[in-house]
Every structure is written in C-alpha cells, then in structure tokens.
Amino acid sequence: MRLVLAPVIFYFFLTGGNARRASLDYLRRLHNFSGDASPFASVPTWRDSLRHFWQFGLASLEKTDAWIGRIRKQHVQNCGNTHFRDLEQRPEGGVLIGSHLGNLEVARAIASSSYSKRMNVLVFTEHAQAFNRALRELNPNVTVDVIQVTNIDMGLAIMLRERVDQGEFVVIVGDRTSVTDPSQSVRHHFLGKPAQFAIGPWVLASILECPVYFLFCLRNSTGAGYDLHLDFVTAQLQLPRRSRQQHIDAILSQYIAKLETLCRHYPYQWFNFFDFWQQQETAATTEGSVGNAD
C-alpha cells in the first residue's frame, strides 16, 4: 500500500503550494521555539516538509486499519495519567479534547473495539452521515457516532448533556476555529506567536458539567506502535461569568502547553496544513485541502 501512497503524497507535495509552505512554516517555528530542545539538528528544509506530508499519508491509511481491526490494543502504549479502562469503570461520561496532532481515529477505534462506552465525535466538516455509514460497513460493531456541527448551540448542548449523563463521551478537537464565526475564538501564544483557538470546546465542557480529559494518539518513534496520551484535567470545568476569560485562558494554557510538548516529541504529526497563525484569513479557503482531516 505504501508503494501506491508514495506517488500520491509526492503529487500533493508538488502541487500543494499553500500546504507545503504552511508545513515548512510550522516546522521552522517549532525549531526556533524549542531552542536547544529542538527535534531537528538544523533549520528544517523541504526534505523535512516532505517527511511531514508522508506522515500525514501514513496516518490516513492507519485510520482505516484501525477501524477494520488491524491495529489492536496491544499496539498502543498508555503514556497519560488515565487509561480507557478507568473511564469504563466510571458511571459518568465526559469530554475528551484532542487536536489535529497525531491520529485520534486510532484512539477512537481502540476505545470502540475494546470498551462499551460510546464516543460522540463532533466534526466541523461535511459528510458525517456518510462517514458513519462507512464506519459501520468497515466494522458493524462500532460504538462511535460522528456528529456534524457548524456551531455549538444550546440544542446540541442539551443532546450531548443527555448522552454524557448516560455515561457516554464527547470527543472534540481544540485546535480548530469556526470558519463561519471566527469571533468565537481567542488569541493565545502557540510556538512563540499568537494564534486563534476556539472557545467552543471549553464552553461546551463547562455546560456539560462533567470530567474533562486531553486525548492524543501518536505514532511512536519505532513506527510500529502508538503512544496514547489520555490525561485527566478536571472533574468539572467552571467558567464563572465575571472571570470567564481568565478561566478560559487558564485551561487553554494547559492545553497549549501539552500541544507544544507533544509537537517536540512527535514533530511530523501536526496535521494542520494551513497557515495556523493566520487562520482567520486563510481557513475559509483551505477547507477540504490535504490537511483538513477532522
């Protein structure tokens, strides 16, 4: 399969000028931000960017492998402070906040195949129903519901609250802002420069009044397995009206610190292939490109 993948990735690398520039910009920001702890021996070049594209291609294949059972629980090493079995044993549900760093699909597939708790995955792209059908064709026993959303409103919050009260989990990424309402975001330093981060995941987590976790799943350095970072953050995220901004900044600081640490350890697995630091201007024109893989 990799023989088929290679020319496809090379084609996208050659023709995807915006994505290629965004890739190199990210890699160089990471290098400069990390200083002596940089994962690169020297300033990243186009060769590093091509490797970045290649890792994205592998991650795309691994999504299917995970859902058809080729990737199993024994291929995943837990590196966080919480295990999926801990979630299984608790009566309440929760919110799992991930990102486009790594491969959440592998984590969701492992959780679905090994545990009974249902995952409700919020995506901000089209074709969620088609994706649900495809998942069930690959694996009829899948316990994941992909929910397409354009914004987080009260109707969605009520539905998700009911599901969380039944012990289910909500999965949402914290590193993508709405292209329809970019005002629902805040600027926060990431890799040394301000970037836009959505407030929706954090507001939703506070409305649901349930435990909050960070969730990342990344291919390890051997390439033969995955490191699962599932970390308990808080039993309930509270955003008092008078100090809401300060509380959002605090939880966002935790999230971004985790992102930056993982980027240094897994530098080629950041799969936002657009100008993340100027996304208000460019995200609307990059939806559907090589890097938009909710």
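These are my notebook entries on a predicted model of one protein chain.

**Ground rules**

I number residues from 1 along each chain as its sequence is written, and side-chain values use heavy atoms, with hydrogens and water left out. As the model is predicted, local features need pLDDT of at least 70 and side-chain atom pairs count only at pLDDT 80 or more, while totals for chains, interfaces and linings use all residues.

**Entry 1: the whole chain**

I began with the secondary structure and found 10 helices and nine strands. Helices (H or I, at least four residues) and strands (E, at least two) are DSSP runs, numbered from the N terminus. Next I looked up burial: of the 294 residues, 53% count as buried. Buried means under 20% relative accessible area, exposed means over 50%, and partly exposed lies in between (1.4 Å probe, protein chains only). I then turned to contacts, meaning heavy atoms within 4.5 Å. Among contacts between residues at least 6 apart in sequence, 75% join residues at least 24 apart.

**Entry 2: His 52**

I found His 52 in helix α3, residues 46-67. His 52 counts as buried because its relative accessibility is 1%. Setting aside residues up to four places away in sequence, I list its contacts as Ser 23, Tyr 26, Leu 27, Tyr 268, Trp 270, Phe 271 and Phe 273.

**Entry 3: a cavity**

Rolling a probe the size of a water molecule over the atoms shows where empty space is left. On a 1 Å grid over the protein atoms alone, a cavity is a set of points where a 1.4 Å probe fits but cannot get out, and lining residues have an atom within 4 Å of a point. Grid points are joined across faces, edges and corners, and a volume is the space filled by probe spheres set on the points. I count three cavities of 30 Å³ or more.

I looked up the second largest cavity, which holds about 50 Å³ of space. Its lining is made of Gln 55, Ala 59, Glu 62, Gly 102, Asn 103, Arg 219, Tyr 226, Gln 269 and Phe 271. Helix α3 gives the most to this lining, with three residues. I sorted the lining into three nonpolar, four polar and two charged residues. For this sorting, Ala, Val, Leu, Ile, Met, Phe, Trp, Tyr, Cys and Pro count as nonpolar, Asp, Glu, Lys and Arg as charged, and the others, Gly among them, as polar.

**Entry 4: aromatic pairs**

I found 22 aromatic pairs in the structure. Rings of Phe, Tyr and Trp (its six-membered ring) pair if their centres lie within 6.5 Å; planes under 30 degrees apart count as stacked, over 60 as edge-to-face and the rest as tilted.

Phe 40 and Tyr 268 form an edge-to-face pair, 5.8 Å centre to centre with 80° between the planes. Phe 40 lies in the loop between α2 (17-34) and α3, and Tyr 268 in the loop between α9 (244-265) and α10 (279-286), so the pair ties together parts that are 228 residues apart in sequence. Both Phe 40 and Tyr 268 are buried.

Tyr 213 and Phe 232 are also edge-to-face, at 5.7 Å centre to centre and 70° between the planes. This pair links strand β8 (residues 212-219), which holds Tyr 213, to strand β9 (residues 226-234), which holds Phe 232; the two residues are 19 apart. Tyr 213 counts as buried at 1% relative accessibility, whereas Phe 232 is partly exposed at 36%.

**Entry 5: a cluster and Phe 197**

One aromatic cluster is formed by Tyr 26, Phe 190, Phe 197, Trp 270, Phe 274, Phe 276 and Trp 277. From it I picked Phe 197, found in strand β7, residues 193-198. Phe 197 is buried, with a relative accessible area of 0%. Beyond four places in sequence, its contacts include Phe 190, Leu 252, Tyr 255 and Phe 276. I also noted Arg 29, which lies over the face of Trp 277 at 4.6 Å from the ring centre. A charge sits over a ring if NZ of Lys or CZ of Arg is within 6 Å of the ring centre and within 35 degrees of the ring normal.

**Entry 6: backbone angles**

Most residues other than glycine have a negative phi. Leu 191 has a positive phi of about 55°. Leu 191 is found in the loop between β6 (185-190) and β7 and is buried, at 4%. Glu 209 has a positive phi of about 50°. Glu 209 lies in the loop between α8 (200-208) and β8 and is partly exposed, at 43%.

Note on methods
1 Å grid on protein atoms, 1.4 Å probe; cavity = no way out; pocket = protein on both sides within 12 Å on 5 of 7 lines; lining within 4 Å.
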